[in-house]
Amino acid sequence: MTIYRAYIVGTHDRAIGVVQLDCIDDRSAIKSASRLVDNHDVELWQMDRPVARLDARSKQMCKQ
C-alpha cells in the first residue's frame, strides 16, 4: 500500500485539514479522495508528488 494525503483546501488555497489514505495506486486514491469533496476542494498528494485536485464547485478533477 502507498500512503497518500488528501488536503482539504479552504479560502486562499490554504489547507484546513488533512486525511491520510492508504491505497494501492493513484486511481483508488482519487476515488477515495473524491468522497471527501463537499464544500471544499481537495488536493491529493503522494509524498511530494501532486496527484490530483478535486474541485468542489464543478465536481471535476484536474490531474497535476
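Good morning. The structure is a predicted model, in which local features need pLDDT of at least 70 and side-chain atom pairs count only at pLDDT 80 or more, while totals for chains, interfaces and linings use all residues. Residues are numbered from 1 along each chain as its sequence is written, and side-chain values use heavy atoms, with hydrogens and water left out.

I begin with the overall fold. The protein chain has one helix and five strands; helices (H or I, at least four residues) and strands (E, at least two) are DSSP runs, numbered from the N terminus. Along the sequence, their pattern is β-β-α-β-β-β. The radius of gyration is 11 Å, close to the 11 Å that the globule rule gives for 64 residues, so the chain is as compact as a globular protein of that length. Here the radius is taken over C-alpha atoms, and the globule rule is 2.2 Å times the number of residues to the power 0.38. Taken along the principal axes, the C-alpha atoms fill a box of roughly 30 × 20 × 20 Å.

How much of the chain counts as buried? Of its 64 residues, 31% do. Buried means under 20% relative accessible area, exposed means over 50%, and partly exposed lies in between, with a 1.4 Å probe and protein chains only. As for contacts (heavy atoms within 4.5 Å), residues 24 or more positions apart account for 31% of those with a separation of 6 or more.

I turn now to the charged residues. Side chains of opposite charge can pair when their charged atoms come close. A salt bridge is a side-chain nitrogen of Lys or Arg within 4 Å of a carboxyl oxygen of Asp or Glu, and by this rule the count comes to four.

One of them joins R53 and D13, at 3.0 Å from N to O. This pair links distant parts of the chain, 40 residues apart: R53 is in strand 4 (residues 49-54), and D13 is in the loop between strand 1 (2-9) and strand 2 (15-23). R53 counts as buried because its relative accessibility is 17%, whereas D13, at 56%, counts as exposed.

A further salt bridge joins R49 and D26, whose closest N and O atoms are 2.9 Å apart. R49 lies in strand 4 and D26 in helix 1 (residues 26-34), so this pair ties together parts that are 23 residues apart in sequence. R49 is partly exposed, with a relative accessible area of 33%, and D26 is partly exposed as well, at 24%.

Which residue meets D41 in a salt bridge? The partner is R53, at 2.9 Å from N to O. D41 is in strand 3 and R53 in strand 4, twelve residues apart. D41 has a relative accessibility of 16% and therefore counts as buried. Strand 3 itself covers residues 41-46. Beyond its neighbours up to four places away in sequence, D41 touches Y7, I8, V9, R53, L54, D55 and A56. Taken together, D13, D41, E43 and R53 are linked in a network of salt bridges.

At residue 46, strand 3 holds Q46, which counts as buried because its relative accessibility is 19%. Neighbours within four places aside, Q46 is in contact with T2, I3, Y4 and V51.

My last topic is the nonpolar core. In soluble globular proteins, nonpolar side chains tend to be buried together. A nonpolar core is a set of buried Ala, Val, Leu, Ile, Met, Phe, Trp, Tyr and Cys residues joined through side-chain atoms within 4.5 Å. The largest one here has 15 residues, of which Y4, L21, A33, V42 and L44 touch the most other members. Strand 1, strand 2, helix 1, strand 3 and strand 4 each give two or more residues to this core. For L44, the contacts beyond four places in sequence include Y4, L21, A29, I30, A33 and V51.

Thank you for your attention.
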